[in-house]
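I opened this notebook to record what I looked up in the structure.

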Amino acid sequence: MSKNRMEAFSDGVMAILITIMVLELSAPEEPTLAALLPVVPTFGSYVLSFVFLGIYWNNHHHLLQAVERVDGRVLWANLHLLFWLSLISFTTAWMGENNFAALPVALYGANLLLAAIAYYLLTQALVAGHEPDSVLAQAVGGDGKGRVSLVLYAVALPLAFANRWLAVGLYVLVAMMWLVPDRRIEDVLGR
């Protein structure tokens with residue numbers, strides 16, 4: 001089965017998710033800087049989530065460059081990932097509208113953790129559908145940043161109830177780690 005339909009569908013879903021998130025932003029009615037202050041938490045959560053969705057879109061795109069074929073297991077794993085990503089707009093809005101309160105921050109982290117697990121499962125399903133020495137298997141290899149991300153999300157969940165800003169700081173740290181492009185796939189494809 002061709003990967004093209006899965007890639008196009010995933011691109012469309014991610015574009016819709018970003019659109020939904022930006023539609024959640026409400027412009028102040030007054031034309032003053034002071035009127036922007038109440039919007040800062042919502043805007044901050046939007047920026048963080050936009051970055052995460054961008055990271056997932058970028059990595060998903062690179063991952064699929066090394067894929068030769070997909071099967072039903074891969075399609076379901078991809079839908080699993082898109083499900084968790086689709087909830088980011090909800091957890092983003094809840095976190096921003098509640099000024100980064102502990103429970104919304106923890107739920108946002110749970111959302112990020114479950115999306116990261118889903119991405120890992122997608123990569124495993126893709127690798128399982130290819131030969132052990134395939135370009136994809138070589139490119140995925142050991143995923144150190146992925147494992148560190150999972151640990152940081154897991155640490156941030158209970159931390160959100162003790163210090164919500166440290167938890168948010170861990171989410172930002174994960175995003176910053178992934179802003180440096182993951183060159184594994186490009187390096188293997190370039191050989």
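Entry 1: I began with the side chains of His 60 and Asn 78, which are joined by a polar contact of 2.7 Å. I took a polar contact as a pair of N or O atoms within 3.5 Å; within protein, one must be able to donate a hydrogen and the other to accept it, and residues adjacent in sequence count only if both atoms are side-chain atoms. The model is a predicted one: local features need pLDDT of at least 70, side-chain atom pairs count only at pLDDT 80 or more, and totals for chains, interfaces and linings use all residues. Residues are numbered from 1 along each chain as its sequence is written, and side-chain values use heavy atoms, with hydrogens and water left out.

I placed His 60 in helix H3; helices are DSSP runs of H or I with at least four residues, numbered from the N terminus. His 60 is buried at 1% relative accessible area, where buried means under 20%, exposed over 50% and partly exposed in between (1.4 Å probe, protein chains only). Leaving out residues up to four places away in sequence, I found that His 60 touches Ser 10, Met 14, Asn 78, Leu 81, Tyr 119 and Leu 122, contact meaning heavy atoms within 4.5 Å.

**Entry 2: the core.** I then looked up the largest nonpolar core, which has 50 residues; Tyr 56 and Leu 85 are among those that touch the most other members. Such a core is a set of buried Ala, Val, Leu, Ile, Met, Phe, Trp, Tyr and Cys residues joined through side-chain atoms within 4.5 Å. H6 contributes the most to this core, with twelve residues. Beyond neighbours within four places in sequence, the contacts of Tyr 56 include Met 14, Leu 81, Leu 85 and Tyr 119.

**Entry 3: salt bridges.** I counted two salt bridges, each a side-chain nitrogen of Lys or Arg within 4 Å of a carboxyl oxygen of Asp or Glu. Arg 69 pairs with Glu 68 at 3.4 Å, N to O; Arg 69 is partly exposed at 34% and Glu 68 is exposed at 55%. Asp 71 pairs with Arg 73, with the closest N and O atoms 3.5 Å apart.

**Entry 4: helix H9.** Which residues of H9 are buried? I listed Ala 167, Val 168, Leu 170, Tyr 171, Val 174, Ala 175 and Trp 178. Seen down the axis of H9, the buried residues fall within an arc of 150°, so they line one face of the helix; the arc is that of the directions from the helix axis to the C-beta atoms. The buried residues of H9 pack against H3, H6 and H8.

Conventions. Helices (H or I, at least four residues) and strands (E, at least two) are DSSP runs, numbered from the N terminus.
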